[in-house]
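Me: I would like to learn how to read a structure feature by feature. Please show me one and take me through it.

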Amino acid sequence: MEELAINGGPKVKETPFGTGKRFGDAEKRQVLEALDSDILFYVFGTKVHEMESKMAQMYGMTYCNGCSSGTAAVHIALASLQLPPGKEVITSSVTDMGSLTGVLYQQLVPRFADIDPENYNMDAAATEALVTAKTGAILVVHHAGLPVDMDAFVDIAQRHHLPLVEDCAQAWCAKYKGQHVGTFGDIAAFSLNHFKHITCGSGGLVLTNRDDLEDLVKLFVDKCYDRTPGAIRNPYFLAPNYQMSELQGAVANAQLDKVADIVAQRNELGMRLVRGLEEIEGIIPHKIPDYAYAGFFLFVTRVDPAIINTPIPEFCAALTAEGIPNEPKKVTGGMATYLYSIFQNRSAFPQSTLPFASQDLGSDVSYPPGMCPNAEDAFEHTFNIPFTEFYTEEDIDDIVRAVGKVAAYYHRA
Ligand SMILES: *Cc1c(COP(=O)(O)O)cnc(C)c1O
């Protein structure tokens with residue numbers, strides 16, 4: 001048995017991981033052009049519009065609108081559906097708070113579907129079990145860059161006559177049966193935050209083919225101001241200012257040219273990691289179904305406690321000592337989303353239980369711990385292996401060797 005580095009043995013990873021820069025000449029040129037134009041307001045500028053056209057074309061969609069964040073994008077998408085307060089939105093029990101912010105601001109009531117224990121995506125059967133007369137929409141989350149089973153979700157939405165929103169914040173360029181996610185539902189949201197495959201610091205995108213939704217998206221981005229030349233300003237519903245600036249648009253414009261290659265690289269490295277880890281007893285890598293082309297935003301790795309005789313934090317500390325960065329108990333968010341205090345305490349708004357419990361809305365929903373066992377279990381028995389598109393195949397092989405070494409050491413006799 002090899003001595004673990006944490007116990008004084010030699011460590012597996014001796015060469016530095018591949019690195020690189022996300023921004024280069026293309027981004028600089030775009031930003032300087034925006035500044036030189038002397039206009040940073042998206043309505044009068046060219047950068048946001050150019051970026052929107054590029055994205056719409058890449059995805060084969062009619063409309064794309066830039067906005068200030070992925071959270072804003074989800075909020076805009078939901079608001080465009082014009083659901084009355086009190087309607088329920090079914091989403092994943094493992095997601096970013098950004099999936100929920102817009103739900104709550106629209107006074108919609110979230111319902112959380114449990115996940116598949118192998119691929120960590122929201123489960124179609126669990127979703128359908130939550131559909132009632134109160135359901136207003138289904139918000140699917142393509143978690144960790146892995147498409148959900150879209151045939152199943154499209155079918156559920158159609159049979160129940162429900163709009164389908166896709167949260168693609170983690171799933172740039174991911175494909176389901178060869179088709180981009182974000183093109184299946186009524187409307188889709190993307191994020192350009194720092195952690196996502198591409199970024200402009202903060203930013204978001206909304207994609208749709210529906211003319212009626214597009215009209216509302218444009219208004220909801222911008223205080224319900226109709227920016228059509230000559231239009232009379234007369235807001236008729238509540239809308240925030242979620243504008244994307246020309247500076248964000250400029251950087252996003254350059255980043256969009258790179259995103260397919262970035263995702264292709266991550267897909268190749270991720271699939272190599274899956275194949276490597278599959279060979280290790282007691283380690284269950286992120287399961288990638290045959291239908292999926294995945295972008296590996298996260299790489300969730302399960303440790304089977306029946307085979308590996310050590311808790312996740314110790315396993316991860318040993319892996320760190322081998323020179324492999326990792327994040328114990330890190331699926332998106334660090335705990336099942338409904339365990340956040342805001343849901344446990346029903347405290348979205350001060351001194352109010354809106355929209356969770358309200359006589360006016362006819363709502364009374366709470367989220368008891370244990371509600372989604374697969375989601376809660378995922379945070380107990382997994383760790384994330386972060387990697388970037390700059391890693392090399394050698395880096396991936398070193399990760400596999402290190403995980404194998406630690407797993408062998410803690411293998412139950
Ligand atoms: C990142 C993320 C968001 C929110 O995007 P921001 O740009 O951070 O506001 C929404 N949903 C999911 C699934 C995300 O990962």
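Me: How do the residues of the shell around the ligand divide into nonpolar, polar and charged?

Reply: This is a predicted model, where local features need pLDDT of at least 70, side-chain atom pairs count only at pLDDT 80 or more, and totals for chains, interfaces and linings use all residues. Residues are numbered from 1 along each chain as its sequence is written, and side-chain values use heavy atoms, with hydrogens and water left out. For classes, Ala, Val, Leu, Ile, Met, Phe, Trp, Tyr, Cys and Pro count as nonpolar; Asp, Glu, Lys and Arg count as charged; the others, Gly among them, count as polar. Here the shell has two nonpolar, nine polar and three charged residues.

Me: Which residues around the ligand come nearest?

Reply: A residue is near a molecule or strand if one of its heavy atoms lies within 4 Å of it. There are 14 residues around the ligand, and Thr-71, Asp-167, Ser-191, Asn-193 and Lys-196 come nearest.

Me: Where does a polar side-chain atom of Asn-193 lie relative to the ligand?

Reply: A polar contact is a pair of N or O atoms within 3.5 Å; within protein, one must be able to donate a hydrogen and the other to accept it, and residues adjacent in sequence count only if both atoms are side-chain atoms. In Asn-193, a polar side-chain atom is 2.7 Å from a ligand oxygen. Ser-191 has a side-chain N or O atom 2.7 Å from an oxygen of the ligand. For Lys-196, the distance from a polar side-chain atom to a ligand oxygen is 3.2 Å.

Me: How much of the ligand does the protein bury?

Reply: Accessible areas come from the Shrake-Rupley method with a 1.4 Å probe; for residues, only the protein chains shown count as cover. The ligand alone exposes 380 Å², and the protein buries 92% of that.

Me: What is the volume of the largest pocket, and which residues lie nearest its centre?

Reply: Rolling a probe the size of a water molecule over the atoms shows where empty space is left. On a 1 Å grid over the protein atoms alone, a pocket is an open set of points where a 1.4 Å probe fits, with protein on both sides within 12 Å along at least five of seven lines; lining residues have an atom within 4 Å of a point. Grid points are joined across faces, edges and corners, and a volume is the space filled by probe spheres set on the points. The largest pocket has a volume of about 650 Å³. Its lining has 29 residues, with His-194, Phe-195, Lys-196, Arg-266 and Phe-297 nearest the centre. By class, that lining has 13 nonpolar, nine polar and seven charged residues.

Me: Is Ala-144 buried or exposed?

Reply: Buried means under 20% relative accessible area, exposed over 50%, partly exposed in between (1.4 Å probe, protein chains only). Ala-144 is buried, at 2%. Gln-107 is partly exposed, at 21%.

Me: Which peptide bond is cis?

Reply: The bond from Leu-354 to Pro-355 is cis, with omega near -5°.
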